[in-house]
Amino acid sequence: MKALVLSGKNKPLQEKKMPEPLLKAGMVHILVRATALNHRDLWIARGKYGGLQYPAVPGSDVAGVVEEVGAGVDADWVGKDIIVNPSHNWGPEEAYQGRDYQILGMPDPGGLAEIVSVREEYVHPMPAHLSHVQAAALPLAGLTAWRALVTRARTRPGERVLVTGIGGGVALFALQYAVALGAKVWVTSGSPAKLKAAQGLGAEGGANYKQAGWAKELKAHSGGFDVIIDGAGGPGFSDLVSVAAPGGRIAVYGGTVGNYDGVSPQKIFWKQLSILGSTMGSPTDFHNMLRFVNENRIVPVVDEVFPFAEALDAFGKMEQGKQFGKLVIELPPRSATE
């Protein structure tokens, strides 16, 4: 089978021929039709991800068709359109992941290949209202946004929500989910075009964080935020503490900008704020997220689709950070006899 393979640290991703995975008991073989990129894949390709093992096939997001199943697996899966929950070995506690937790695509081979093999428990019917390309955009980012917004922050209808860094996959899902929940949503971005596009998805408004005084202006327009969803961190986190309403919840799912600086503990305790860490999600989170997507017919935002032969171009675009939505790599239909 064809796969994008990272053979060692500081070596480029290359398309190679690899043996197909062995079909084991309890496992499902999936013909990959589409896979979406996440920043995790970029960090793996750069050799900057913890626990790297080679050869590595990245790719956490998979939509495809079940080719065959191993012993003990329901044979009715064969031929079905599915998506894969990339959050594996969560553990017994809903509140946090266990020591054996891992994400599809490292160390286990991921979706940047013609075939991927996963345990049956991670296979779910693909939402009927989505194409393979749209469905591939959902799993990792959609799950991360769901846990941060709903499981951790417990967002309710009518609440004021701020989503930072709109344009990224998690942020866009947080916006779409919050709007569907009946919340009033504002966003931030360094791009006026992205702020305008977010309003097209239901945002009340937004602020350009590159402009001086953006936090005060946004707070004046909104009255302060009950819920803030942030994946950036860095010095700007102090502004989020400032715009949070009394009793507000700030859910943190990433730290792409870096460590916090200049955060006032006085503002946190005086306003009775809750700072909530959030990582991926449990099987229960994935089930609830998928049900919500189906009930509300949410369609993931896809920025661009690349054929498998041009997958490295997708990595290049992600590195530039100019996309609004997910970057998806599409594979042509492949018969089981190939």
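Reply: A residue is called buried under 20% relative accessible area, exposed over 50%, and partly exposed in between, with a 1.4 Å probe and protein chains only. The model is a predicted one, in which local features need pLDDT of at least 70 and side-chain atom pairs count only at pLDDT 80 or more, while totals for chains, interfaces and linings use all residues. Residues are numbered from 1 along each chain as its sequence is written, and side-chain values use heavy atoms, with hydrogens and water left out.

Rings of Phe, Tyr and Trp (its six-membered ring) pair if their centres lie within 6.5 Å, and they count as stacked with planes under 30 degrees apart, as edge-to-face over 60, and as tilted for the rest. There are 7 aromatic pairs in the structure. In one of them, the centres of the tryptophan 146 and phenylalanine 292 rings lie 5.0 Å apart with their planes at 50°, so this pair is tilted. Tryptophan 146 belongs to helix H3 (residues 139–152) and phenylalanine 292 to helix H9 (residues 283–296), so the pair links distant parts of the chain, 146 residues apart, where helices (H or I, at least four residues) and strands (E, at least two) are DSSP runs numbered from the N terminus. Tryptophan 146 is buried at 7% relative accessibility, and phenylalanine 292 is buried at 10%.

Phenylalanine 237 and tyrosine 260 form a stacked pair, because their ring centres are 4.0 Å apart and their planes at 20°. Phenylalanine 237 is buried, with a relative accessible area of 2%, whereas tyrosine 260 is partly exposed at 39%.
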